[in-house]
Amino acid sequence: MPRFFIGCISGTSIDGLDVALVDVEAKPAITASKTVLFPELLEDELRHLLQPGPNEIFRLGLAHARLGEFIGASILSFLNDNGLDAGDIAAIGSHGQTVRHHPDSDPGFSVQIGSGSHIAEITGIDTITDFRSRDLASGGEGAPLVPSFHRMLFHPYEHDQIILNIGGIANITILYSHEQQPFFGFDTGPGNALLDAWVHDSRQLRYDSDGDWSASGQVSNKLLEALLDDSYFSLGPPKSTGKEKFNLNYIEQHLRDFPKIESSDIQSTLCEFTAVTVANAIERWGPESARVVVCGGGRLNSDLMQRLDAHLNHHSVIRSEEINVNGDSLEAGAFAWLARCFTDRVPGNVPSVTGAKGERILGCLYPSGTKV
Ligand SMILES: Nc1ncnc2c1ncn2[C@@H]1O[C@H](COP(=O)(O)OP(=O)(O)O)[C@@H](O)[C@H]1O
Ligand SMILES: [Mg+2]
């Protein structure tokens with residue numbers, strides 16, 4: 001079997017499709033990666049699907065197929081960039097785009113789109129999708145699924161480590177140097193989601209570059225207190241969340257009680273809120289003095305990073321690049337790893353992370369050709 005797997009994901013920020021090439025021959029390693037921007041129309045379609053609206057089923061079906069085509073074409077050009085062809089790749093693990101994540105409904109469910117049939121048709125490579133639903137079917141959160149890859153990638157580690165991924169939502173993986181303790185992880189709450197929502201609503205920008213705008217304002221302690229008074233933060237793991245909760249509407253609901261706060265002060269408060277919720281989760285659940293390795297787009301927001309550092313007195317906080325890991329490709333790499341798990345028919349979930357009843361093989365295969 002070829003030694004390379006491809007993983008890809010479009011996170012909740014919808015800032016592009018991350019693609020990673022993972023070599024699994026020895027210890028898994030990400031050997032190439034790329035972020036491909038969406039065509040404007042597809043990006044708009046995906047964004048609109050995140051909120052309930054009219055004609056959802058038709059729009060969902062169309063976006064599912066269109067995103068599948070886009071992923072397939074992006075992988076072909078990624079292979080070309082790296083001098084590889086379909087025969088070099090064992091399988092693709094495609095997470096797709098989450099459009100709904102409801103682990104708390106009865107039964108819990110999570111919907112990712114990006115048609116595996118289209119990806120397999122275009123690339124001629126076995127494609128595995130739908131990684132979350134089996135974990136949900138066995139009582140888990142279906143998330144986060146990245147911790148087992150973090151463990152493989154960062155192993156062996158001399159010190160306790162916390163891998164913090166700041167995407168739209170922030171999640172942590174806690175890795176103990178003494179492996180007697182099971183590693184675990186969970187979603188801490190908002191990552192960039194609220195920051196992006198507010199800067200977009202107020203200034204029509206995609207994100208607050210470097211956190212310049214949030215750094216220019218003052219934190220409103222009253223608003224911060226109200227935001228922190230949310231039961232999600234006092235819940236223990238396993239837990240996961242999404243943009244169904246942490247979105248513009250969430251901000252607006254809180255602002256009803258504080259109509260006079262300046263826009264830039266709101267951005268500062270949201271940045272502080274994000275940093276405090278991440279830091280509290282680390283302080284409460286993480287081992288003391290563990291190194292915090294930050295990946296995901298939020299690591300590029302200096303104001304957020306400074307606030308985080310200020311709240312984590314016992315931990316050193318570094319960007320993943322400081323230990324030679326590209327912070328934009330870890331999640332995509334994780335889905336390459338999960339494709340490998342599926343191909344070997346070994347479990348991909350970690351019950352101590354997701355809360356599932358047991359280990360499960362995750363995913364659904366779209367074979368490359370007409371014969372399996
Ligand atoms: N230079 C930057 N300054 C501030 N924030 C940034 C910067 N670059 C990226 N980001 C943030 O990172 C987000 C994308 O992070 P990513 O890890 O791709 O999230 P997701 O997994 O949700 O797609 C952007 O929406 C933005 O909020
Ligand atoms: Mg992204």
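Me: In which sense do E1 and strand E2 pair, and over how many bridges?
Reply: This is a predicted model. E1 pairs with strand E2, residues 17-23. The pairing is antiparallel, and the count is 6 bridges.

Me: Which residue in E2 is the bridge partner of Phe 5?
Reply: Phe 5 belongs to E1, on one side of that strand with Gly 7 and Ile 9. Across in E2, its bridge partner is Val 22.

Me: Which residue takes a positive phi in the hairpin of E1 and E2?
Reply: The hairpin has 6 residues between the strands. One of them has a phi near 50°. That residue is Ile 14.

Me: What is the bridge partner of Phe 5 in E4?
Reply: E1 also joins strand E4, residues 89-102. These two run parallel, with 6 bridges. Within E4, Phe 5 is partnered by Ala 91.

Me: Where does ligand 1 lie relative to domain 1 and domain 2?
Reply: Domain 1 covers 4-143 + 329-366, and domain 2 covers 147-315. Both give residues to the shell around ligand 1, so the ligand lies between them.

Me: How many residues of the shell around ligand 1 are polar?
Reply: There are 19 residues around the ligand, and those that come nearest are Gly 11, Ser 13, Gly 167, Asn 192 and Gly 297. The shell has 3 nonpolar and 4 charged residues. Its polar residues number 12.

Definitions and conventions. Residues numbered from 1 in each chain as written. Chains lettered and ligands numbered in written order. Predicted model: local features only at pLDDT ≥ 70, side-chain atom pairs only at ≥ 80, totals over all residues. Near = placed C-beta within 6 Å. Nonpolar A, V, L, I, M, F, W, Y, C, P; charged D, E, K, R; others polar. Domains from an automatic or database assignment. Buried ≥ 20, exposed ≤ 12 C-beta atoms within 10 Å, placed from the backbone. Helix = DSSP H or I, 4+ residues; strand = E, 2+ residues; numbered from the N terminus. Pairing = 2+ DSSP bridges.
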